[in-house]
Amino acid sequence: MKKVIYIALLCLAAHSNLSLYAFDLKSIVSGEYQTKKIPSFLPMSDGEHYTQVSDDKTMIIKYSYKTGKAVDTLFNVATARECPFKKLDGYSMSADEKKILLYADSEPIYRRSFKATYYTFEIKRNLVKPLSDKPGKQQIATFSPNGRMVAFVRDNNIYLKKLDYETESAVTTDGIKNKILNGVPDWVYEEEFSVVSTLSWAPDNTTLAFVKTNETDVPEYKIQLFEGECPSLTSYTYYPGEFVYKYPVAGTSNSKVAVYTYTVETRAVKKMNVPVDEDGYIPRIQFTQNPSQLAVMTFNRNQNDFKIFLTNPKSGVSKLLIQDKNETWIDPDIMNYVTFYPSGFIFASEKSGFRHLYHYNMSGTLIRQITHGNWDVTAYYGQDAKGNYYYESAEEGPLYRAVYRADAKGNRVKISNLKGYNQAYFNSACTYFINVYSSVSIPPVVTVNNAQGKQLRLIEENLKLKKLSLATKEFFTFKNETGETLNGYIMKPKNFVASKKYPLVMVQYSGPGSQMVLDKWAAVDWTQYLTDNGYVVACVDGRGTGGRGVAFSRSIYCKMGILEAQDQIAAARYLGSLSYIDANNIAIWGWSFGGYTTLMSMSMSSGVFKSGIAIAPVTDWRYYDTVYTERYMRTPQENNDGYIETSPLEKAASLDGKLLIISGTADDNVHYLNTLQYSEALVQANKQFEMQIYTNRNHSIYGCNTRLHLYTRIYDFIQRTLK
């Protein structure tokens, strides 16, 4: 489950007895106050340039890192020969940067995946060609390393296009919707392992590796669809339709996965012998820089045993390269740190109690531990020609992120210039990086820096946002009932008067590894509107959240939701003790995991929360997917008592306070079932509540007038229940 990110929400009409607000609805919805960041870009192999799509999506332009000036236009829809589209949605380049894969008319599948019409473009010939002349859009089109072939997926089968001969051949033929997938993951892999492709080319172009996913035994989930509006599904005017896909709830059957290779010359498909558990996971495969070594990453079902095997694509024999185990779980995003070099690879582990970087050789022997300390590394960027490592960490404290360079002797230097929240985007040579810096009081500043951290030029500093009169976040700490220090922030109304008592709205997400209390710029959203209208807003990151090492984040194991709710309750009591907070008028709000925590908090306290808003909440972990839920809770068969203890459904009769629960009927992530079952439990417990349903809307609940209606509804509820 991923935290929902909100951009430019809304401001509403002020009531006559409240102070006037700074923003009008039209300006917010139009994006007038939206934060400007760097558009998506691709570094080029020379280390001096990068490419970017023009704002109107008609060109791909080459820029200089040093000067920021455009030095060439690689593609232009207006001048390219035989170009059939007017705008492109995205692109990728061949390794030699002579060809480009373009795509247009893309259609979303799930959260990250999409299908589109792909085209090949030869820069020298200025010629656009369809990738395939067969019917049906394509997925994950991928150049071979020499740029002479493209592998792609259509209708769950893999195809190979040889560009030299303009031939297309099928690599697999057994792909069937909701049964067999080749080269692309199923829903739960995409959602919880953040993967959209399981294709990997050997560096010598001879072999294509892929994962075959058999989801035949995974239970089907059916989501009803209605006519609705914007868009209007007219085929469902009188009778609802349905969207059917495979969704494994906790404790049920997962897809069975296996690794295969395809030899280009012989067209032979061979199954690899990877020692993965029958109910285990293969979330990622990746060729090393040696064509005889395919790295296969595996998890056991409980996700506390992570292994990387080196598999020979010809023989199919696998050898264990490295293993990392934990009594609780291994965070899947450590896969993002694994980087292969000719003589070794980078690995991230939390075995010391904090996440740190390690350099191993290709036999799995440790060369050196790169970072040390009681703080977490939060990203690995790469290594330069001199052997220096570049990474991001929370060394300055869990509220902050900074960019560092470390040498082979362990000496490290901070190369981001300002304390706050820094995110870097390095080129492959690690000679330049684009840095995005912000703090709670400074909107994002985007700069180009060299590897020593020297700023070469300024790209964006969001001057317009600097001029806004916003409620600032003031950080605070307090101790919960067990003596653990928790971090929080508070936002006070304009014209704050210390002698007055203000109603309080607590916002939180609380999910494992997440952080909301950061020295980082946030969007101009509905919380600013609340402070404009006389509310105090506060947020606390409780136990289980990130940036503070293993002991803090893993304390929730097998009882996910209990400690998180206890900490929100403790935070409400602490905040209610402040002289300017009206302890009798506190509300709690959350979306997704935050909605779940809202329900748990309101059910585990009495008289603490006057009201709460739960949006798209899980109401029982037995309703949620295997990968996410079992990572933190194990299976219901192993931990039945834990599932009962952490279920808002089981605690419905204890709900205290006025509740507004909100869901979209077409939520493929946290199903509408959660809200329906919970509302029925409240009815049978004779608990009155309010409900808002959005037809055909997914987990993010947006589109046309939907967000305006959503936040109008929330604000009205807060006004009625807190004032």
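**Helix H6 and other local features**

Author: Helix H6 covers residues 562-576, and at 1.5 Å a residue its 15 residues should span 21 Å, which agrees with the 21 Å between its end C-alpha atoms. The expected span is 1.5 Å times one less than the number of residues. Helices (H or I, at least four residues) and strands (E, at least two) are DSSP runs, numbered from the N terminus. The model is a predicted one, in which local features need pLDDT of at least 70 and side-chain atom pairs count only at pLDDT 80 or more, whereas totals for chains, interfaces and linings use all residues. Residues are numbered from 1 along each chain as its sequence is written, and side-chain values use heavy atoms, with hydrogens and water left out.

H6 is largely enclosed by the rest of the structure, because twelve of its 15 residues are buried. Buried means under 20% relative accessible area, exposed over 50%, and partly exposed in between, with a 1.4 Å probe and protein chains only. The buried residues of H6 are Ile562, Leu563, Glu564, Ala565, Asp567, Gln568, Ile569, Ala570, Ala571, Ala572, Leu575 and Gly576.

With a relative accessibility of 0%, Asp567 counts as buried. Leaving aside residues up to four places away in sequence, Asp567 is in contact (heavy atoms within 4.5 Å) with Phe478, Asn480, Leu486, Gly542 and Arg543.

The next subject is empty space. Rolling a probe the size of a water molecule over the atoms shows where such space is left. A cavity is a set of points, on a 1 Å grid over the protein atoms alone, where a 1.4 Å probe fits but cannot get out. Grid points are joined across faces, edges and corners, and a volume is the space filled by probe spheres set on the points. The count comes to one cavity of 30 Å³ or more, and the volume of the largest cavity is about 60 Å³. The largest cavity is lined (an atom within 4 Å of a point) by Pro398, Leu399, Asn487, Gln515, Val517, Asp541, Thr545, Gly546, Arg548 and Phe552.

Cysteines come next. A disulfide is a covalent bond between the sulfur atoms of two cysteines. Here it is assigned to a pair of cysteine sulfur atoms within 2.5 Å, and the search of the whole structure finds one. The pair is Cys230 and Cys704, with sulfur atoms 1.5 Å apart. The torsion about their S-S bond is about -65°, so the disulfide is left-handed. Cys230 sits in the loop between strand S16 (220-225) and strand S17 (241-246), and Cys704 in the loop between strand S43 (690-694) and helix H11 (706-722), so the pair ties together parts that are 474 residues apart in sequence. Cys230 counts as partly exposed, at 40% relative accessibility, while Cys704 counts as exposed, at 57%. Two further cysteines are buried: Cys83 at 19% relative accessibility and Cys539 at 1%.

The backbone around these loops also deserves a note. Most residues other than glycine have a negative phi, and most peptide bonds are trans. Cys230 has a phi near 55°, a positive value in a residue other than glycine, and a cis peptide bond with omega of about 5° joins Cys230 to Pro231. Pro231 is likewise placed in the loop between S16 and S17. In the loop between S43 and H11 lies Ile701, which has a positive phi of about 50° although it is not a glycine. Ile701 counts as buried, at 0% relative accessibility.

Two strand features remain. Strand S5 (residues 90-93) and strand S6 (residues 99-108) run antiparallel and are joined by four bridges; two strands pair if DSSP finds at least two bridges between them. Tyr91 stands opposite Leu102 in S6. The two strands form a hairpin with five residues between them, and Glu97 in the turn has a positive phi of about 60°.

Arg412 belongs to strand S31 (residues 412-414) and counts as partly exposed at 36% relative accessibility. Its contacts, not counting residues up to four places away in sequence, are His372, Trp375, Tyr391, Glu395, Arg405 and Ala406. Arg412 and Ile370 are 42 residues apart in sequence and 9.3 Å apart in space, C-alpha to C-alpha.

Methods
1 Å grid on protein atoms, 1.4 Å probe; cavity = no way out; pocket = protein on both sides within 12 Å on 5 of 7 lines; lining within 4 Å.
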